[in-house]
Amino acid sequence: MSHLPALTPSRKLLAAALLCLAAQPCLAADEAEAPRGPAVTVLTAAKACFAAIVEVTGPVIARDETMVRPERPGLKVDEILADAGDTVTAGQPLARLTPPEGGAVPVQAPVAGLIASSSAVIGAMASGKGEALFSIIARSEFDLVGLVPTEDISRLKVNQSAKIKIGPDWIDGRVRRIGTTVEPDIQLGQVFIALTTNRRLLVNVAGRALITTGQSCNISVPLTAILYGAGGTVVQVVRRQRVETRRVETGLMSGGQIEIRDGLAEGDVVVVRAGELLREGDPVRPVTAGAEAK
């Protein structure tokens, strides 16, 4: 059996010193890689599309209203067959009138649509020149007449899509016509938005329309990531666990997000809540948004 030489006390001290020196680079590397500074919530910048919107408000009106009167005078209302709020077809009988010489004269709907109002009263005289017996909203078509600031009129075009809020509901619509004049006192123009719905709408009810005038697709970040200052608009990013400040050009906003047109690239690590306490070059420990809750 072979025997290893025993270490003398001096050799033991030398070996321990060599082991200690060998371990120093590892400890230094570990210390260099260890995260320092405060933890900050970050996300990876990604692209999204933003809709350019013009918002208008105004009343709902009947697009085309047809007045129904008898063709001759001296007729008395004998029977009423339809009333306000009824939906009628073209040619549908609305009332029967009687002339002085007897017989019956029918009153028919000239167009299909919704009866907006009726003045017919049994026994009352009906005149071809007086108040109409019935008023019909042709084809049950309605428009919202929106008031538009002059600076937004140039952005509007016929057939642009719109979402209209009337009461608690949203309905679809399209720009049908753009007014050619501006109210001089208030400097607002008009836009006529055709409403598409099976709902029964009330004339003169107020509505709010969001007209989509275009779309822009760029980097998207939360509004909380933006800092506004004397030096411009900036976003803070994390690179190699240190803060970098990037000056950016912003664009459209939607749902708590803002478009970045210049200054950021897809994949940049962005500080979700930018703050004055973070300075250029500060060390931080980035935590991906959502991970801090786990």
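Let's begin with a sheet. Four strands make it up, in the order β3-β10-β8-β5, and the sheet is open, with antiparallel pairing. Which strands sit at the edges? Those are β3, covering 65–68, and β5, covering 87–88, and each of them pairs on one side only. Before I go on, keep in mind that this is a predicted model.

Now zoom in on β3 and its partner β10, which spans residues 134–138. The two run antiparallel and are joined by four bridges.

Is Ser135 buried or exposed? Its relative accessible area is 3%, so Ser135 is buried. Skip the neighbours within four places in sequence, and Ser135 is in contact with Glu65, Thr66 and Met67, and also with Leu114, Ile115, Ala116 and Ser117.

Ser140 is in the loop between β10 and β11. Ser140 isn't a glycine, and still its phi is positive, about 55°. As a reminder, most residues other than glycine have a negative phi. Ser140 has 31% relative accessibility, so it counts as partly exposed.

There's another one like that. Asn159 sits in the loop between α2, residues 150–153, and β12. Asn159 also has a positive phi without being a glycine, this time near 80°. And with 52% relative accessibility, Asn159 counts as exposed.

Okay, let's step back to the whole chain. How many helices and strands does the protein chain have? Two helices and 22 strands. The chain has 294 residues, and 31% of them count as buried. Here's a number I like: take the contacts between residues at least 6 apart in sequence, and 69% of those join residues at least 24 apart.

That brings me to the inside. In soluble globular proteins, nonpolar side chains tend to be buried together. Here, the largest nonpolar core has 21 residues, and the ones touching the most other members are Val56, Leu144, Ile164, Val191, Ile193, Leu195 and Ile211. Where do the core residues come from? Strands β2 (46–62), β11 (142–149), β12 (161–166), β13 (169–178), β14 (188–196) and β15 (206–222) each supply at least two. The biggest giver is β2, with four residues. Apart from this core lies another one, of 16 residues, including Val107, Ala109, Ile115 and Ile136.

Leaving out neighbours within four places in sequence, Val191 is in contact with Val56, Leu144, Val145, Gly146, Val148, Leu156, Val175, Arg177, Ile178 and Ile211.

Now go to Leu188, in strand β14. Leu188 has 22% relative accessibility, so it counts as partly exposed; the cut-off for buried is under 20%. If we don't count residues up to four places away, Leu188 touches Leu147, Val148, Pro149, Val182 and Glu183. Compare Leu188 with Asp152: they're 36 residues apart in sequence, and their C-alpha atoms are 9.6 Å apart in space.

Last stop: how many disulfides does a search of the whole structure find? One. It joins Cys49 to Cys217, with the sulfurs 1.9 Å apart. The angle about the S-S bond is 100°, and the link is right-handed. Why does this pair tie together parts that are 168 residues apart in sequence? Because Cys49 is in strand β2 and Cys217 is in strand β15. In case the term is new to you, a disulfide is a covalent bond between the sulfur atoms of two cysteines. As for Cys217, its relative accessible area is 38%, so Cys217 is partly exposed.

Definitions and conventions:
Residues numbered from 1 in each chain as written. Predicted model: local features only at pLDDT ≥ 70, side-chain atom pairs only at ≥ 80, totals over all residues. Heavy atoms only, no water. Pairing = 2+ DSSP bridges. Core = buried A, V, L, I, M, F, W, Y, C linked by side-chain atoms within 4.5 Å. Buried < 20%, exposed > 50% of the residue type's maximum accessible area, 1.4 Å probe, protein only. Contact = heavy atoms within 4.5 Å. Disulfide = S-S within 2.5 Å.
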